[in-house]
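Hello,

Here is the structure I promised to pass on to you. Please open it beside this email, and I will go through what turned up.

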Amino acid sequence: MRKNKEMNEDSKPQNSPAESANDFEFLQEKIKERPINKKRLLKRTIITASMAVLFGLLACLSFLLLEPVLNNWLYPEEEPEIVTFPQEQNEMLPEDMLTEGTTASQEGSEESSSHSSEESQISESGTDDPESKTSVEEEEGARESSTVEESADEQAEHLNEQDLAVDDPNATDAAAGSLAGNVGETVPIEPLKPYQTQYEELYKIYSKVQTSMVTVTAVHSDVDWFNNTYQSEGTTAGVIIANNNRELLILSRKSTLDGAETIRISFCNGSDASAVIKQYDQNTDLAVLAVDLKYIGIDTMDSVTVASLGSSISSGMTGTPIIAVGNLFGYKDTVCYGMVTSKNNIITMADSEYKLMTTDIYAGTSPSGILVNMSGEVIGIIDNSHNHDDTRNLLSAVGITELKGLISKLSNGEHIPYLGIYAQDISAQTRTELGIPQGAYIVDIDMDSPAMLKGIQKGDILVKVGSRDIKSAADYMNVLRNSQVESSIDIVVQRASVNDYMEMHFVIQVE
C-alpha cells in the first residue's frame, strides 16, 4: 500500500521553472512612455506665446493711454500762456503838434498873467503901506548895485586874461594851474576819456542784451568717402522772445535748421538744452524754437532774460546809433556798433510786406542776430538776403514792428495763412490817369499757389476779400492774417477786358 502510494507520487509530473513563471505571468506589468503629440504641443506653445504678446501689447497701450493722465494728475502742469506783443502807439501828427504848441502858448500867457497879477498885488500893497514900499525899493537898489559891481569885476578879469594871453601864451595855463593849485593838484587832460566813456556805455547795453542771446546748433549726420558716418554742425544766432510758463521760446533762422536731426541751444552761461521747431514762416525764413523748461536748470533761468521788442517806425531813427549782436562774421557771440542809414525800404513778399533797415556796419554775407537801440530794445532781425549786389556786406535788418504779428502767431504755434499773392498799392494819380479801380494791384503770384490754381492772375485788382472792401495792400494782408488755415475765403477781383474792367469772384481755400 505504501509502495503504491510512492509510485503514485513518483508518477506525478514535476513543475519546471518555466511553468511556474507562466503561472504568475498575469501579475507582471510593462510601463510604456506616453506618446508625445507634437501638433498639440506646438499649438499650445503658439497659443501661450500669442497670449504673452497680446498681454504685452495691451499693457503698453494701457500705459500709453494712462501715462499722460496719471502724470498730469501726479505732476500737474500749468497751461502755456498766450504770447502777445503790445501794439505801438501812432506817431504825433502835425496838427497835434500845432495843438500842443497852442496849448503851451496858452499856458505861457496864463503864467505871465499870474505874474502880472502878483505884481499888481504888490503894487497895491505898496500904495497902502509906505514903509513896505520903501523897503522893496531899497532891496531892488541893493541888487542893482551888486549886479553892476559884479559885471565890472568880470569885465576887468576878462581884460586881464586877454592881456596875459597876448603877452605870454602860457600865462593862461599858468593861471589855470595856480588856480587848480589853490584847490588841489593839477588834473592832467585826457583827450581819449570821452571816447572811452562812450564805448563803456555801449558795452553796458551789450552786456544786458547778451543774456537774451543764444546759439542755435543744428546737428546733421553725413557720410564721408569711406562710408564712415560723422556729424556736422551749422550754427546761427537766436534771441529769447517769450516764456509761456511751459517753454522758453526762441526766434531764429529756419534755413540753417533744415534736415537737422537734433537742435541744440547754448545759453549765455554755457549750458545746453535740446529744442524743437514750434512753428516757422517760409516767407521770412523765421522760426520759433521751443525749449521745455523741465530741461533748463535753475541757474540758467536766473542767468537768461527775455528780450524786449521795441519799435522800428520812429521818425527820428535814421542816423541814430545801434548795436548789432549775434553771428555777424560766421563766429558766435560777436558785436558791432554803428548807426541806421535808412529804414523805409519796402520788401514785398507773398501775402505780406515788410520794411528793411540798412546800417553802416560791415558784416559777412549771411549774418544772423538782432539790432538793438540805445535802450536795449530789439528794433530789427538781421537779414542780408534782400541786399543789392553792391551792399552785400553791409548789415541790414527787417523792422521789428511789422514782424510782431507774425512772431505772435509763431509763438502760439499757429500756421501762417498763405495764398501766394504779391500785392502793391495804387496811387491816386495812377488810378485817375489809367482809369484803374481802387484796390490792391497784384504784381506777381507764386507758381502752383492756391490763388493761381483757382484762376487769379497777375494784373488783377483785389477789390474785396471776405466781407471787407480792399483799398490798399495793407487791407488785404490784415484780412488774410486774421483768417484761419484750411478755411475758404471769398475774393473779388477786377480784371481788365477790352474796354473796361470785369468783376470776377473766386472761392479759395487758405493754406
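Cys 336 is buried, because its relative accessibility is 16% (buried means under 20% relative accessible area, exposed over 50%, and partly exposed in between, with a 1.4 Å probe and protein chains only). Cys 60, at 48%, counts as partly exposed. The count of disulfides is zero, where a disulfide is a pair of cysteine sulfur atoms within 2.5 Å.

Before you read further, please note that this is a predicted model, in which local features need pLDDT of at least 70 and side-chain atom pairs count only at pLDDT 80 or more, while totals for chains, interfaces and linings use all residues. Residues are numbered from 1 along each chain as its sequence is written, and side-chain values use heavy atoms, with hydrogens and water left out.

Next, the backbone. Most residues other than glycine have a negative phi. Asn 245 has a positive phi of about 70 degrees, although it is not a glycine. You will find Asn 245 in the loop between β2 (229–243) and β3 (247–253); helices (H or I, at least four residues) and strands (E, at least two) are DSSP runs, numbered from the N terminus. With a relative accessible area of 33%, Asn 245 is partly exposed. Asp 351 also has a positive phi, near 65 degrees, and sits in the loop between β8 (334–349) and β9. Asp 351 is buried, at 7% relative accessibility.

Helix α3 (residues 38–74) is worth a look too. Its 37 residues should span 54 Å, and the end C-alpha atoms are 51 Å apart, which agrees; the expected span is 1.5 Å times one less than the number of residues. A kink of about 40 degrees lies at Leu 66, shortly before Pro 68, the bend being the angle between axes fitted to the seven residues ending there and the seven starting there.

Finally, the second largest pocket has a volume of about 410 Å³. A pocket here is an open set of points on a 1 Å grid over the protein atoms alone, where a 1.4 Å probe fits, with protein on both sides within 12 Å along at least five of seven lines; lining residues have an atom within 4 Å of a point. The volume is the space filled by probe spheres set on the points. Of its 21 lining residues, the closest to the centre are Asp 281, Asn 283, Ile 416, Pro 417 and Tyr 418. Helix α9 gives the largest share of the lining, four residues.

Best wishes
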